[in-house]
Amino acid sequence: MKLYKIAKGILLEHNNSAYIIDDEWDSLINRDDLAGYLQLISADTTPISAEVKNEHLNGKILPPIGSQEVWAAGVTYLKSRDARMEESESSGGATLYDKVYDAPRPELFFKAIAQRVAGTGAEVYIRKDSEWNVPEPELTLFINSKGNIQGYTIGNDMSSRSIEGENALYLPQAKIYEKSAALGPCLLVATEPIAGESAIKMLIKRNGEIAYQDATTISRMKRLLTELTCYLYSECDFPVGAFLMTGTCLVPPPTFTLQPGDVVEITIDGIGTLVNTIALNPKHK
Ligand code: DO4
Ligand code: MG
């Protein structure tokens, strides 16, 4: 079951039919047993036609977030650990990443308030004071206020490698700025946990040509999704739930940096594709 936040409300896709749901996003997705509730709703609601569904989805799809905070986990895949050890070698920070990869406590950091999050089809920004920038494709959890994983979406944790590499204490500046996060295209609501063999792919296009592409599977993650959730919820309350990006599994080579106009496509099996164009924030150029 897929929930889309659209300009005219909420669209549910279930068993090849689509329904418009008259509800408020935050209270809907935070419900207990969201999957069971959506099944009941679909049995009780008249589906919309394929044309109407396409009209809604070809218009603007909003990020699947209301007023939740977005958090992120780091160094959950070997690829991320190795890339960060390399970029922070001259600052002497490499050992931090090595240690956190093996420690019982994961790295968790605050990533975004909802206003800084882009949806599919929208722009994400790179910082003008950063010369080395990458997208980070991440399976993203939606966890309700009771701490239950209710759904999955695709996240892009836009990052400045030059700022983080200069000094690990600059992490918030490398990670948090306008439109430094993207979520979408929908929230996949499932009764079963997402399969470990689900593929995650990233494609970056520059002037219509492929500048980078790679793929892996979620099973390469060092930690359990429930483990990340438990640490996040251990001392924080989230009255309408929270989104948690679970760490990057793909890192472009050190010679690669994003440029305005690049198009980043991140695909996760069963969820869809999140597409964003890279830009500089016009307010801060
Ligand atoms: O340690 C810094 C951030 C790590 C991160 O964002 C990731 O591994 O995805
Ligand atoms: Mg990340």
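At 65% relative accessibility, Asn-15 counts as exposed, and this residue sits in the loop between β2 and β3. The model is a predicted one, and in it the phi of Asn-15 is near 50°, a positive value in a residue that is not glycine. Most residues other than glycine have a negative phi, and most peptide bonds are trans. Asp-33 likewise has a positive phi, of about 45°, without being a glycine; Asp-33 is found in the loop between α1 and α2 and is exposed, with a relative accessible area of 53%. A further backbone feature is the cis peptide bond that joins Gly-184 and Pro-185, with omega at about 0°, and Pro-185 has its place in strand β13.

The accessibility values of individual residues discussed in this report are collected here.

| Residue | Relative accessible area | Class |
|---|---|---|
| Asn-15 | 65% | exposed |
| Asp-33 | 53% | exposed |
| Ser-42 | 8% | buried |
| Glu-136 | 5% | buried |
| Asp-157 | 1% | buried |

Helix α2 spans residues 34-44 and includes Ser-42. The buried residues of α2 are Leu-34, Ala-35, Gly-36, Leu-38, Ile-41 and Ser-42, and what covers them includes β1 (2-6), β2 (9-14), β3 (17-21), α1 (25-29), β11 and β13 (181-189). An α-helix has 3.6 residues a turn, so residues three or four places apart point the same way. Ser-42 itself is buried because its relative accessible area of 8% falls under the 20% cut-off. When neighbours within four places in sequence are left aside, Ser-42 is in contact with Leu-12, His-14 and Tyr-19.

**Packing of α4 against α5**

Helix α4 (residues 78-87) and helix α5 (residues 94-102) pack at an angle of about 165°, with their axes 8 Å apart. An angle over 145 degrees counts as roughly antiparallel, and α4 and α5 are therefore roughly antiparallel to each other. Their crossing is left-handed. On the side of α4, the residues Leu-78, Arg-81, Arg-84 and Met-85 meet Ala-94, Tyr-97, Asp-98 and Tyr-101 in α5. The residues of this contact divide into five nonpolar, no polar and three charged.

**Glu-107 in strand β6**

Glu-107 has its place in strand β6, which covers residues 107-112. Apart from neighbours within four places in sequence, Glu-107 is in contact with Ala-72, Ala-73, Gly-74, Val-75, Val-100 and Leu-171. The C-alpha atoms of Glu-107 and Ala-190, which lie 83 residues apart along the chain, are separated by 27 Å.

Terms used. Residues are numbered from 1 along each chain as its sequence is written. Chains are lettered from A and ligands numbered from 1 in the order in which they are written. This is a predicted model: local features need pLDDT of at least 70, side-chain atom pairs count only at pLDDT 80 or more; totals for chains, interfaces and linings use all residues. Side-chain values use heavy atoms; hydrogens and water are left out. Axes are lines fitted to C-alpha atoms, for helices over the stretch in contact, and angles run from 0 to 180 degrees between N-to-C directions. Helices (H or I, at least four residues) and strands (E, at least two) are DSSP runs, numbered from the N terminus. Angles under 35 degrees count as roughly parallel, over 145 as roughly antiparallel, 65 to 115 as roughly perpendicular and the rest as oblique. A crossing is left-handed if the near helix is turned anticlockwise from the far one by less than a right angle, and right-handed if clockwise. Contact means heavy atoms within 4.5 Å. Ala, Val, Leu, Ile, Met, Phe, Trp, Tyr, Cys and Pro count as nonpolar, Asp, Glu, Lys and Arg as charged, and the others, Gly among them, as polar. Buried means under 20% relative accessible area, exposed over 50%, partly exposed in between (1.4 Å probe, protein chains only).
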